[in-house]
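Here is a structure to read with some questions and answers about its terms. Look at the model before going on.

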Amino acid sequence: MKKFLNGGFLFASVFNYFLLTIVFYALTEDWRAAFPLAIAALAILYALTLTPVVDWYYRMILNLREPNAIEDERLKRVWNMVCCGAEKAGIPVKAGIKLYISDEEGLNAFATGTRTIAVHRELLNNYISDEEIAGVLAHELAHHIHGDTVCLLMSLQGTVIFGGIRFVIKVVFWIAGKLAAMIAAFIGFAAADGNLDEGVGWWKIVNFIFDKIYGIIDFFLAGVAYVETACFRFFDRQQEFAADAFGGMIGFSNGLVTFLENFLRRKR
């Protein structure tokens, strides 16, 4: 079975630690202080991802609701099938996982937070068998057991931090560029005995230089963001393959395959 410390989680942790170290160095100008502060901040962020607040937040923003009586009856029946299959395979099911309903269109389900599985309402239609639904839920259960949802939460934190760094750099360069251009324009204006065109010319030159320097830096940062996204996508594919394998290992490969085949057939 795939371990909790998967590649995606490790990559997200290293990337986030690198970003936090840069942030704390910018604040303290001391690498010796930045390293332990980054570790402490990363530990706090990681601890926050394991709190019930995270699940509540995602259930709220995704408009998930409690299943009604009919939905609940079927979900309990199918979920019991999945849990029994996992127990027979010797895999303990993560405690406290709850199933919610999404009223978004589509035949889908997804794992989020630390203990939430969202099932699209259409997935419970009568023409979809319990075996198919069990295959889908087994796939989503795997994401919780493997720690994939925690990895996603960690990667989202890194994306927010990295976006913040890019925004701060943009603001700093914009302010510095305008101030430098104003000083250059004033000097050029004074040196040319009040020639307005000279001052405007110096303004444009300095402003152009700062814009180009920022453009080069942002191009590099965009490249880092591209590599980051590519790495996360690679690990995401591995997680999906592992989740499919988990569904088969606990006895629901036929249901998952049948669901995918029918899903593709219905889309045509």
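Q: Which element gives the largest share of the lining of the largest pocket?
A: In this predicted model, helix α7 does, with six residues. Two or more lining residues also come from each of β2 (109–112), α5 (130–145), α6 (148–191) and α8 (253–267).

Q: Why are α1 and α6 called roughly parallel?
A: Angles under 35 degrees count as roughly parallel. The axes of α1 (residues 7–28) and α6 cross at roughly 25 degrees, and the two helices are therefore roughly parallel to each other. Their axes come within 9 Å, and the crossing is left-handed.

Q: How do you know that α1 and α6 meet?
A: Contact means heavy atoms within 4.5 Å. On the α1 side the residues in contact include F9, F15, N16 and L19; on the α6 side they include M154, Q157, I161 and F162.

Q: What classes of residue make up the contact of α1 with α6?
A: The contact has twelve nonpolar and six polar residues, and no charged ones.

Notes
Residues numbered from 1 in each chain as written. Predicted model: local features only at pLDDT ≥ 70, side-chain atom pairs only at ≥ 80, totals over all residues. Heavy atoms only, no water. Helix = DSSP H or I, 4+ residues; strand = E, 2+ residues; numbered from the N terminus. Axes fitted to C-alpha atoms, helices over the stretch in contact; angles between N-to-C directions. Parallel < 35°, antiparallel > 145°, perpendicular 65-115°, else oblique. Left-handed = near helix turned anticlockwise from the far one by under 90°. Nonpolar A, V, L, I, M, F, W, Y, C, P; charged D, E, K, R; others polar.
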